[in-house]
Amino acid sequence: SSLSIPSLDVPAEGGPFQIEYTIENPVANATLSAKCNDSWITDIDTKTAGVISFNVTKNETAEKREAIIEVSYADIQPAPSFTAKQAARPEEDLEGG
């Protein structure tokens, strides 16, 4: 089996997002799960086949940030992962600008 997931660009506002993936030669009865160690990615849900949905917290900083979401499926090694890249907060939102 092989699994391919594109990376995702997220605006500073955040919000709910979903990313589609494709599995070549899927394994019968195998379940897919995903996790992220970054606290600004929450509510990761893999219940819908072909879709990973999650919530992105608003970026309150002037720095863009990236989170790697690790996906595990069947016995695929190394585990596939994808990157969520969030934009920095727009400068006009910074106080005292």
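Residues are termed buried when their relative accessible area is under 20%, exposed when it is over 50%, and partly exposed in between, with a 1.4 Å probe and protein chains only. By this criterion T83 is buried, because its relative accessibility is 18%. The structure is a predicted model, in which local features need pLDDT of at least 70 and side-chain atom pairs count only at pLDDT 80 or more, whereas totals for chains, interfaces and linings use all residues. Residues are numbered from 1 along each chain as its sequence is written, and side-chain values use heavy atoms, with hydrogens and water left out.

The chain contains 9 strands and 0 helices, where strands (E, at least two residues) and helices (H or I, at least four) are DSSP runs numbered from the N terminus. Its C-alpha trace spans about 55 × 20 × 20 Å along the principal axes. Of its 97 residues, 31% count as buried. Contact is defined as heavy atoms within 4.5 Å. Among contacts between residues at least 6 apart in sequence, 60% join residues at least 24 apart.

A nonpolar core is a set of buried Ala, Val, Leu, Ile, Met, Phe, Trp, Tyr and Cys residues joined through side-chain atoms within 4.5 Å. In soluble globular proteins, nonpolar side chains tend to be buried together. The largest such core here has 22 residues, and the members that touch the most others are L3, I5, I41, I52, F54, V71 and F82. At least two residues each are supplied by β2 (8-10), β3 (15-20), β5 (32-36), β7 (51-56), β8 (65-73) and β9 (81-86). The largest share, 4 residues, comes from β8. Beyond its neighbours within four places in sequence, I5 contacts I19, E20, Y21, I52, V71 and F82.

Strands are taken to pair if DSSP finds at least two bridges between them. Strand β6 (residues 41-45) runs antiparallel to β7 and is joined to it by 3 bridges. In this pairing, I41 has V56 of β7 as its bridge partner. The two strands form a hairpin with 5 residues between them, and G50 in the turn has a positive phi of about 85°.

Strand β9 pairs with both β2 and β8. With β2 it runs parallel, through 3 bridges, and Q86 of β9 is the bridge partner of V10. With β8 it runs antiparallel, through 6 bridges. E66 stands opposite K85 of β9, and the C-alpha atoms of these two residues, 19 apart along the chain, are separated by 4.4 Å. K85 is partly exposed, with a relative accessible area of 32%. Not counting residues up to four places away in sequence, K85 touches S7, L8, D9, V10, R65 and E66. T83 also lies in β9; leaving aside neighbours within four places in sequence, its contacts are S7, L8, E66, A67 and I68.

Several residues in loops were also examined. K58, in the loop between β7 and β8, is partly exposed at 42% relative accessible area. K58 and E13 are 45 residues apart in sequence, yet their C-alpha atoms are 4.7 Å apart in space. Apart from neighbours within four places in sequence, K58 is in contact with A12, E13, G14, R65 and Q86. The loop between β8 and β9 includes P78, and the peptide bond from Q77 to P78 is cis, with omega near -10°. A74 is placed in the loop between β8 and β9. A74 has a positive phi, near 50°, although it is a residue other than glycine, and is partly exposed at 42% relative accessibility. N29, located in the loop between β4 (22-24) and β5, is likewise not a glycine and has a positive phi of about 65°. The relative accessible area of N29 is 82%, so this residue counts as exposed.
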